[in-house]
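The structure goes in first.

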2 protein chains.
Amino acid sequence: MKYLHTMVRVSDLDASIDFYCNKLGLEELRRVDVEAGRFTLVFLAAPGDKEAQVELTYNWDPQEYDSGRNFGHLAYRVDDIYALCQKLMDAGVTINRPPRDGHMAFVRSPDGISIELLQAGDALPPQEPWSSMPNTGTW
Amino acid sequence: MKYLHTMVRVSDLDASIDFYCNKLGLEELRRVDVEAGRFTLVFLAAPGDKEAQVELTYNWDPQEYDSGRNFGHLAYRVDDIYALCQKLMDAGVTINRPPRDGHMAFVRSPDGISIELLQAGDALPPQEPWSSMPNTGTW
């Protein structure tokens, strides 16, 4: 038995690829357009960690997707939580839970999927602007 | 960057451990009781695949968790999809999408988290009772 992926539905494929790949840093591994079912599947993973994937399901007919509380988040370990949060913030992503402790941050995908970022190894020393940045919304 | 886990909230920890471990076959790796926050975290993974985990969050104060459409499912590759579906069915789990094709099945956790099971390697030859079993509900 082996974990393959977590599937999330996305309402705007371009915006989602921009978020998950360009901003967050995942890589696109594989894309399947299913004409008969009018949907596209895109498989993503962190660079060098291709065994644990995220599957984006994009239905070609417009849909909006709500969030539920039974799903919590996807969590990734990152090399430099400050650098990644800065990159995300510069790209217009709200840092819902800033890494005030140098250890943990939360952001959300365009469809409201919560993403936890955890600093690899020991927490980084507290650093502005993160130390004094308040929470925004929920995650 | 590395995938760590998908977190799901559970309203009944015993029922969830029974589903994810006793029935589905994941293993409990680690459990953390956080008295101050009145919650318990339990980390699970498929045997031999400890790098890709599921984190159960159990809040001690009763809560019910709804489902949203932005989250799709967790997917696992399994060695014998018929044997696992039989074990799940015998244990009272509804097989929402039976493995009619010997390849894919869906079930749900007690809190409605959809779980996709995918047969390792080639699909198995069609076999009753699965071949003629209808879908139940959604997944």
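Conventions. I am working from a predicted model, where local features need pLDDT of at least 70, side-chain atom pairs count only at pLDDT 80 or more, and totals for chains, interfaces and linings use all residues. Residues are numbered from 1 along each chain as its sequence is written, and chains are lettered from A and ligands numbered from 1 in the order in which they are written.

I took helices (H or I, at least four residues) and strands (E, at least two) as DSSP runs, numbered from the N terminus. α1 of chain A covers residues 13-23, and I looked up its buried residues: Ser16(A), Phe19(A) and Tyr20(A). Buried means 20 or more other C-beta atoms within 10 Å of the residue's own, exposed 12 or fewer, with C-beta atoms placed from the backbone. The three lie on the same side of α1(A) because they cover an arc of only 80° around the axis, taken from the directions from the helix axis to the C-beta atoms. On the face turned away from that side I noted exposed Asp14(A) and Asn22(A). The buried residues pack against β3 (39-45) and β4 (53-59) of chain A.

Domains. By an automatic or database domain assignment, chain A has domain 1 (5-59) and domain 2 (74-119). Their contact takes 14 residues from domain 1 of chain A and 11 from domain 2 of chain A, counting C-beta atoms, placed from the backbone, within 7 Å. On the domain 1 side that touches domain 2, I see that α1(A) gives the most, with five residues.

How values were computed. Contact = placed C-beta atoms within 7 Å.
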